Amino acid sequence: MTTHKTLYQIALTCIPGVGVAHARNLMKAVGDAEAIFNEKAGSLEKIQGISRRLIHEIRRAEVLQKAEKELEFVEKNHIETLFFTQENYPSRLNDCIDAPVLLYAKGNAHFNAKKVVSIVGTRNATKYGQEFCQKFIQELSGLFPDILIVSGLAYGIDICAHRASLQNNVSTVGVMAHGLDRIYPSVHRATAKEMLGKGALITEFPSDTTPDKFNFVKRNRVVAGMADAVVVIESDEKGGSLITADIANSYYREVFALPGRATDPKSSGCNNLIAGNKAVLLQNVAGFLNQMGWNATAKSLPPKQKELFLNLTETEEKVFDALNQVESMHVNMLGIELNIPVSELFFTLLELEMKNVVKALPGGVYKLL
């Protein structure tokens with residue numbers, strides 16, 4: 001359901017020269033999207049990075065006119081807007097410094113599912129890659145029926161991941177590099193329509209945005225940031241999947257790559273990721289779960305006494321309490337549960353390691369000692 005505030009949230013993304021960083025700075029300083037457009041010029045000038053030229057752009061009538069047109073499209077087509085300060089926004093993205101401030105979504109996916117995996121790969125997938133993708137999702141869905149599978153609705157591995165998710169009755173989200181007024185490629189329209197019933201389509205781009213090359217690079221950061229882990233299934237030496245993997249690494253996400261024959265060009269990208277320690281070797285679901293720390297069972301764990309550890313800060317106590325409920329937890333999930341950016345959480349975990357309270361396991365997983 002849209003509100004009066006939605007108009008100004010959309011307008012914030014329509015200001016020429018105001019990107020993600022400026023938008024977030026404006027929101028941090030002013031606190032409300034509507035207030036940004038009513039704030040005095042003198043007050044806006046005091047905000048870091050906001051020049052007089054940008055203030056002039058904010059004041060232009062065309063900005064709100066463009067937002068009004070987009071709001072009409074949103075309401076007419078029953079599209080949900082996800083602003084970064086709202087609960088319906090994919091919370092994992094808020095840990096990413098360059099994440100969109102506003103997303104448009106259609107469907108019924110739960111973007112903040114407990115477990116989210118992004119699966120990407122070549123557009124020219126082989127039978128080997130497709131069969132692994134299908135089996136991987138089938139086994140994951142059997143263990144975690146509430147898992148969310150994210151991909152980019154492209155040819156090859158992307159569409160294979162979406163279709164395998166639908167076949168196994170798990171939610172799947174397609175992140176698009178254009179507006180919700182079209183489907184690209186158009187041959188995937190039937191699958192995209194089916195995804196609306198068990199998943200969603202999502203984009204940061206307003207209507208009338210065409211699928212230009214640069215938009216796919218921007219799309220990839222959403223694919224990487226929405227998930228706990230990114231799985232690369234087949235990739236040439238260069239390609240969008242490798243860009244997604246690099247972005248995922250910068251976001252402290254776990255990256256996995258399916259190995260292939262050394263002579264197979266379709267696997268050269270994955271093999272290079274593994275050889276360069278930029279991705280974990282992916283052989284099966286069991287290894288994936290072990291690396292992610294998702295195969296833990298908490299029922300047999302006796303609770304540890306906090307009194308055994310002295311001089312814990314308030315944040316350290318929160319981490320302790322969260323880890324005390326499970327055998328182990330991945331740092332991304334811990335950050336989501338505690339609403340603490342992963343970049344900050346690492347410092348707290350390091351302090352707890354030095355105090356012999358927690359132990360770091362492979363793959364960004366932590367447990368209490």
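1. At what angle do the axes of helix α1 (residues 4–12) and helix α6 (residues 61–76) cross, and within what distance do they come? In this predicted model, the crossing is at roughly 120 degrees, and the axes come within 8 Å. The crossing of α1 past α6 is right-handed.

2. Now the residues behind that crossing. From α1 come T6, L7, Y8, I10 and A11. From α6 come V63, L64, A67, E68, E70 and L71. By class, the residues of this contact are eight nonpolar, one polar and two charged.

3. Helix α7 (residues 127–143) packs on helix α13 (residues 285–292) at an angle of about 55 degrees. Their axes are 10 Å apart. This angle makes α7 oblique to α13. On the α7 side, the contact uses F136, E139, L140 and L143. On the α13 side, V285, F288 and L289 take part. Six residues of the α7 contact with α13 are nonpolar, none is polar and one is charged.

4. Next, helix α14 (residues 314–323). Which of its residues are buried? They are E316, V319, F320, A322 and L323. Seen down the axis of α14, these buried residues fall within an arc of 165 degrees, so they line one face of the helix. Their packing partners include two helices, α15 (331–338) and α16 (342–354). The buried residues also pack against β10 (329–330), β11 (358–361) and β12 (365–368).

5. P185 sits in the loop between β5 (171–175) and α9 (189–195).

6. Then the backbone at H78. H78 is not a glycine, yet its phi is positive, at about 55 degrees. The residue belongs to the loop between α6 and β1 (80–83). Is H78 buried or exposed? H78 has a relative accessible area of 67%, so it is exposed; the cut-off for exposed is over 50%.

7. Y252 also calls for a backbone check. Its phi is positive, at about 65 degrees, although Y252 is not a glycine. Y252 lies in the loop between α11 (240–250) and β8 (254–257). With a relative accessible area of 41%, Y252 is partly exposed.

Key. Residues numbered from 1 in each chain as written. Predicted model: local features only at pLDDT ≥ 70, side-chain atom pairs only at ≥ 80, totals over all residues. Heavy atoms only, no water. Buried < 20%, exposed > 50% of the residue type's maximum accessible area, 1.4 Å probe, protein only. Helix = DSSP H or I, 4+ residues; strand = E, 2+ residues; numbered from the N terminus. Arc of directions from axis to C-beta. Contact = heavy atoms within 4.5 Å. Axes fitted to C-alpha atoms, helices over the stretch in contact; angles between N-to-C directions. Parallel < 35°, antiparallel > 145°, perpendicular 65-115°, else oblique. Nonpolar A, V, L, I, M, F, W, Y, C, P; charged D, E, K, R; others polar. Left-handed = near helix turned anticlockwise from the far one by under 90°.
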